[in-house]
Amino acid sequence: MQTATSTPFKSLRYCVRCCMPETQEGVKFDDLGICQACQSSEQKIHINWVEREKRLRNLLENAKAKAGNNYDCIVPISGGKDSVFQLHVLVKVYGMKPLTVTFSHNWYSETGWYNLQNALQQFDVDHVMFTPNRGLVNRLARRSLGMIGDACWHCHAGVGSFPLQAAVRFNIPLLIWGESVAESSGRASYEDPVHKFDREYFTKVSAKRSPKEMTCGALSERDLYPFNVPSLEDVERVGVHGIHLGDYIFWDEERQTEFIRQEYGWKETEMEGAYKGYKSAECIMAGVHDFTCYLKRGYGRATFQACVDVRNGLMTREEGFEIAQAIDSERPGALDYYLKITDLSESEFYETMRQLKHLKLIDINPPVRPKQRQNREVTVPFFEQLIAKHRYRQDPREEA
């Protein structure tokens with residue numbers, strides 16, 4: 001039974017099993033008040049994973065047979081935990097030859113940049129990266145806040161469009177992602193995938209707005225050209241299609257993170273707005289992204305992580321609410337960098353978020369707490385740190 005006194009916002013309905021509120025996008029509760037992600041968690045236990053693994057093996061063998069001298073598949077990677085585990089499964093277990101592709105959000109943390117480069121070395125794979133220029137990223141970060149209510153449109157759109165562009169450019173039909181949608185959100189379940197992959201998949205799931213809709217006085221269609229998906233004709237000509245490994249093999253991010261740490265030297269770091277150090281470790285802006293979710297929908301990354309831990313029996317629902325309330329409401333240090341690159345004032349930031357609040361929170365001001373200390377992972381992009389470090393350094397030949 002739901003314990004009303006323990007929830008962060010008394011007026012919101014929460015899943016009776018975990019800590020997820022009704023304000024999560026696409027969330028559905030069954031007649032017992034259980035959210036779809038909790039239902040998926042139950043379904044996962046009863047799935048015949050041996051049969052699913054056979055389907056995956058056949059699918060990959062078929063891709064290899066058709067590839068000839070070309071790459072067997074495209075694997076979009078960021079250097080995050082899922083990327084590295086995907087490469088372990090595909091390269092080491094199934095002997096695939098992937099072309100790895102990265103859309104760089106240009107907000108890489110030092111830890112994230114190490115993880116990406118280390119993965120390329122460990123798996124000895126070819127790699128193509130696209131990096132939008134700093135000025136464009138800054139202008140899109142400002143535009144993104146008012147259009148979709150977070151700072152990251154360019155990342156949402158780029159991680160969707162660039163792998164498709166690469167698939168068409170290199171004539172590689174199969175794209176392979178990691179975690180199942182059923183695992184990570186309330187928008188689908190293992191029994192009802194809902195979102196079948198197509199060229200508009202990432203626009204529907206995360207970017208929300210097309211490149212054309214993002215144009216304004218500061219952003220032309222020419223600026224936004226890199227974010228366009230290939231034409232339907234090109235996608236059909238190549239036969240582009242995508243799968244998530246998590247729909248075929250049992251996905252356990254805790255065990256997988258432990259494995260890649262020990263086996264491949266993958267590194268966690270201190271993440272703002274979270275109590276685990278592995279989610280989005282490659283990005284310095286993840287805390288701002290999750291903080292906007294909290295201001296808009298009343299929950300952040302800590303709630304999401306608590307929900308997973310409650311489902312897995314690692315903490316009680318009460319403990320989940322307690323830890324989530326302590327972390328979600330903390331102002332991230334990276335907000336200073338975001339305000340600097342967008343030339344927004346802090347009051348303008350909060351006013352924009354106030355206007356985008358979920359209707360269920362319209363009369364509520366989610367509390368915000370100051371951060372008590374500086375984050376131990378620097379919340380400035382690693383490349384800016386690198387440039388600052390070396391720009392005025394002495395020529396090593398002149399050093400004593």
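Is Thr 303 buried or exposed? Thr 303 is buried, since its relative accessible area is 6% and the cut-off for buried is under 20%. Please keep in mind throughout that this is a predicted model.

## Around Thr 303

Let us start with the setting of this residue. Thr 303 belongs to helix H12, which covers residues 301-311. Leaving aside residues up to four places away in sequence, Thr 303 touches Cys 19, Ala 324 and Asp 328.

Asp 290 pairs with Arg 301, and their closest N and O atoms are 3.3 Å apart. Because Asp 290 sits in helix H11 and Arg 301 in helix H12, this pair ties together parts that are eleven residues apart in sequence.

What is the relative accessibility of Asp 290? The value is 8%, so Asp 290 counts as buried.

## Joining helix H16 to helix H5

Now for a pair that reaches across the sequence. The side chains of Glu 384 and Arg 134 form a salt bridge, with an N to O distance of 3.2 Å. Glu 384 is part of helix H16 (residues 382-391) and Arg 134 is part of helix H5 (residues 134-148), so the bridge ties together parts that are 250 residues apart in sequence.

Glu 384 counts as partly exposed, at 26% relative accessibility. Arg 134 also counts as partly exposed, at 21%; the cut-off for buried is under 20%.

## A bridge between two loops

Loops can be followed in the same way. Where do the side chains of Arg 376 and Glu 270 meet? They meet in a salt bridge, 3.0 Å from N to O. Arg 376 lies in the loop between helix H15 (346-355) and H16, while Glu 270 lies in the loop between helix H10 (253-264) and helix H11 (286-297). The two residues are 106 residues apart, and the pair links distant parts of the chain.

Arg 376 counts as exposed, because its relative accessibility is 66% and exposed means over 50%. Glu 270, at 22%, counts as partly exposed.

## The wider picture

Why can such pairs form? Side chains of opposite charge can pair when their charged atoms come close. How many salt bridges are counted here? The count comes to 23 salt bridges. Salt bridges also form a network here, linking Lys 81, Asp 82 and Glu 253.

Note on methods:
Residues are numbered from 1 along each chain as its sequence is written. This is a predicted model: local features need pLDDT of at least 70, side-chain atom pairs count only at pLDDT 80 or more; totals for chains, interfaces and linings use all residues. Side-chain values use heavy atoms; hydrogens and water are left out. A salt bridge is a side-chain nitrogen of Lys or Arg within 4 Å of a carboxyl oxygen of Asp or Glu. Helices (H or I, at least four residues) and strands (E, at least two) are DSSP runs, numbered from the N terminus. Buried means under 20% relative accessible area, exposed over 50%, partly exposed in between (1.4 Å probe, protein chains only). Contact means heavy atoms within 4.5 Å.
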